[in-house]
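Please keep the sequence and the 3D view at hand while reading.

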Amino acid sequence: LREELFPEWKMPKNAVAIYASGSKKTEMLMLPMLTCFRRVGQAQLLRRMIHFELQRCARVDAKMLQHTVSTFNASLLSAQQPLEGDPDDLKSMSDMTVALGIGNPMGTIFMKTDPLEGLPVLMLFFVITYVPKLAYNPK
């Protein structure tokens, strides 16, 4: 299936047959993928709510600490030299930025992995399957 869709920038020949065979092959994966995406989405929303609540509380309750940590963090990030010092101090600084809501948990990379081969094709079939089922409610 991946070979039939390669190269990505070119329109595939016999697209209807490719879609039919691909949707039949991936049909059993759609419901588990939907469940997984819902859980990830809910976790991301909770993470954002906690992040904003931490920022709000830090602005109200610990204004000087928040400004000090924010300024120190910005100076560390803007320095053109490698970070020096005790790793425990840097770890405690990182922990403090997260506790005050200054850190960006959405942009933090916790581990690096190799790209998953075939995931874009699977995502394509997921989107094609579920887009017709979506509805917009303006209220």
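Leaving aside its neighbours within four places in sequence, which residues is Thr26 in contact with?

## Thr26 and the basis of the model

Thr26 is in contact with Leu122 and Phe125, once neighbours within four places in sequence are left aside; contact means heavy atoms within 4.5 Å. Thr26 belongs to helix 1, residues 15–26. Its relative accessible area is 9%, so Thr26 is buried. Buried means under 20% relative accessible area, exposed means over 50%, and partly exposed lies in between, with a 1.4 Å probe and protein chains only.

This is a predicted model, in which local features need pLDDT of at least 70 and side-chain atom pairs count only at pLDDT 80 or more, while totals for chains, interfaces and linings use all residues. Residues are numbered from 1 along each chain as its sequence is written, and side-chain values use heavy atoms, with hydrogens and water left out.

## The chain as a whole

The protein chain has five helices and zero strands. Read from the N terminus, its elements run α-α-α-α-α. Helices (H or I, at least four residues) and strands (E, at least two) are DSSP runs, numbered from the N terminus.

The protein chain has 139 residues, of which 17% count as buried. Of the contacts between residues at least 6 apart in sequence, 76% join residues at least 24 apart.

## The nonpolar core

A nonpolar core is a set of buried Ala, Val, Leu, Ile, Met, Phe, Trp, Tyr and Cys residues joined through side-chain atoms within 4.5 Å. The largest one here has nine residues: Leu5, Ile18, Met30, Met33, Leu34, Val121, Phe125, Phe126 and Tyr130. Helix 5 provides the largest share, four residues.

One member, Leu34, is in contact with Phe126 and Tyr130, leaving aside neighbours within four places in sequence. In soluble globular proteins, nonpolar side chains tend to be buried together.

## Along helix 2

How many salt bridges does the count come to? The count is one, where a salt bridge is a side-chain nitrogen of Lys or Arg within 4 Å of a carboxyl oxygen of Asp or Glu. The salt bridge joins the side chains of Arg56 and Glu53, at 2.7 Å from N to O. These two residues are three apart in helix 2, so about one helical turn separates Arg56 and Glu53. Arg56 is partly exposed at 45% relative accessible area, and Glu53 is partly exposed at 38%.

His51 is also placed in helix 2. With a relative accessible area of 16%, His51 is buried. The C-alpha atoms of His51 and Ile102 are 8.2 Å apart, while the two residues are 51 residues apart along the chain.

## Before helix 1

Asn14 sits in the segment before helix 1. Its phi is near 55°, a positive value in a residue other than glycine. Asn14 is exposed, at 55% relative accessibility.

## The largest pocket

The largest pocket has a volume of about 200 Å³. A pocket is an open set of points, on a 1 Å grid over the protein atoms alone, where a 1.4 Å probe fits, with protein on both sides within 12 Å along at least five of seven lines; lining residues have an atom within 4 Å of a point. The volume is the space filled by probe spheres set on the points.

Residues lining this pocket include Arg2, Leu5, Phe6, Gly118 and Leu124. By class, the lining has seven nonpolar, one polar and three charged residues. Ala, Val, Leu, Ile, Met, Phe, Trp, Tyr, Cys and Pro count as nonpolar, Asp, Glu, Lys and Arg as charged, and the others, Gly among them, as polar.
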